[in-house]
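Okay, thanks for making the time, everyone. Let me put the structure up and we'll walk through it together.

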Amino acid sequence: MEIDKILVVGTGAMGGGIAQAALEGGCSIRLVDKDENRAAQAVERIRSRLERRLTEGKIQDRESEEMLGRITTVPDLSSCGDAQLVIEAASEKESVKEAIFRQLDAVALPSAIFASNTSAISITRLASLSGRPGKFIGMHFMNPAHVMKLVEVIPGLETTGETVEAIVGLCLKLGKRAVVVADSPGFVANRLLMPAINQAIHALQEGVASREDIDNVMRLGAGHPMGPLELADFIGLDICLEILETLCLELGETYRPCPLLRKMVAGGRLGKKSGGGFYDY
Ligand code: NAD
């Protein structure tokens, strides 16, 4: 099955990037967020990124217009229409995702595939609540989704081979490399990345080095494009905390979130999206 009609649910940092990647891959997109303004803002961000590419001569005027003609915002999940795939990129809370999938099962095409962009929540558990476990899968895009080339594809216990094939095919169509990984806490990306971020926060809390120097060590010493504290701000400190809570629960104490991370989130310093995290923006 070739997928070209997609509903993206949740239009924050990830939903907007996923929508742009799918637009550039030739798909038609409906966008929905519980806050309608956020869906409209996501379209505006896509428009301005396309304008930048236009001025850089990377795309033509008509290409940009044609792409923007294939994206629309809708008021709620019942406007999912004939979407063949729903990609959920709402907040990293199991209760939020569960409510979305339960509601969607009643209104989406019975043949539609449901995918979650969760960073760490069990795909098998979400699938079991979705009413269609055979057609449920994890699609973990990296941030920014319209730029990064990797998608972790995570089949749940009951996901059919046909579903995996359709999603891997879609990743190729979007110009992404699909890596199929088992449904295990944090999959591969966050199982490896989050301990590094958490340890960087511990190092800052203990005064081992300044925030800049902790980041410099990993940028200049390990060749990472961003230091771990910079990266945590970019991901969102609330998202990092949610992921570490899940990993700690499922994999043990090694993943217990650093108290400084909890404090920052409690104080509303969520990183780039709130105007300040470890750095000010
Ligand atoms: P975000 O906080 O930027 O955006 C979440 C959006 O979901 C918000 O616009 C919010 O209004 C919306 N939302 C919340 N409840 C909703 C509901 N019931 N219906 C519709 N919309 C709803 O979060 P994000 O960083 O875009 O993360 C979204 C998902 O992607 C999470 O599961 C996260 O773990 C995952 N993810 C994040 C990153 C990252 O770097 N931030 C990377 C990969 C995956």
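So, which residue stands opposite Val179 in E8? That would be Glu152. Keep in mind as we go that this is a predicted model.

E7 and E8 run parallel, and 4 bridges join them. To get from E7 to E8, the chain passes through helix H6, residues 161-173, and that β-α-β crossover is right-handed. Now look at the other pairing of E7: with E6 the sense is antiparallel, over 5 bridges. If you want a pair to click on there, take Met139, whose bridge partner in E7 is Val153.

Next, the loop between E6, 136-141, and E7, 150-155, which is where you'll find Pro144. Check the peptide bond joining Asn143 and Pro144: it's cis, with omega at about -5°. Most peptide bonds are trans, as you know.

Where is Phe187 found? In the loop between strand E8, 177-180, and helix H7, 189-205. Phi of Phe187 is positive, near 50°, and this isn't a glycine. Most residues other than glycine have a negative phi. And is Phe187 buried or exposed? Buried, because its relative accessibility is 3%, and the cut-off for buried is under 20%.

Right, on to the ligand. How many residues surround the ligand? The count is 24, and the closest are Met14, Asp33, Glu92, Lys97 and Ser119. By type, the shell splits into 10 nonpolar, 8 polar and 6 charged residues.

Ser119 has a polar side-chain atom 2.6 Å from an oxygen atom of the ligand. For Lys273, again a polar side-chain atom, the distance to a ligand oxygen is 3.3 Å. Ala90 uses its backbone instead: an N or O atom there lies 3.3 Å from an oxygen of the ligand. As for cover, the ligand taken alone exposes 830 Å², and the protein buries 90% of that.

Which elements give two or more residues to that shell? Helix H1, 13-24, helix H4, 94-107, and E6. H4 has the largest share, with 3 residues.

How values were computed:
Residues numbered from 1 in each chain as written. Predicted model: local features only at pLDDT ≥ 70, side-chain atom pairs only at ≥ 80, totals over all residues. Heavy atoms only, no water. Buried < 20%, exposed > 50% of the residue type's maximum accessible area, 1.4 Å probe, protein only. Near = heavy atom within 4 Å. Polar contact = N/O pair within 3.5 Å; in protein donor to acceptor, adjacent residues only side chain to side chain. Areas by Shrake-Rupley, 256 points an atom, 1.4 Å probe, with all protein chains shown as cover. Nonpolar A, V, L, I, M, F, W, Y, C, P; charged D, E, K, R; others polar. Pairing = 2+ DSSP bridges. Right-handed = clockwise from strand over helix to strand, strands pointing away.
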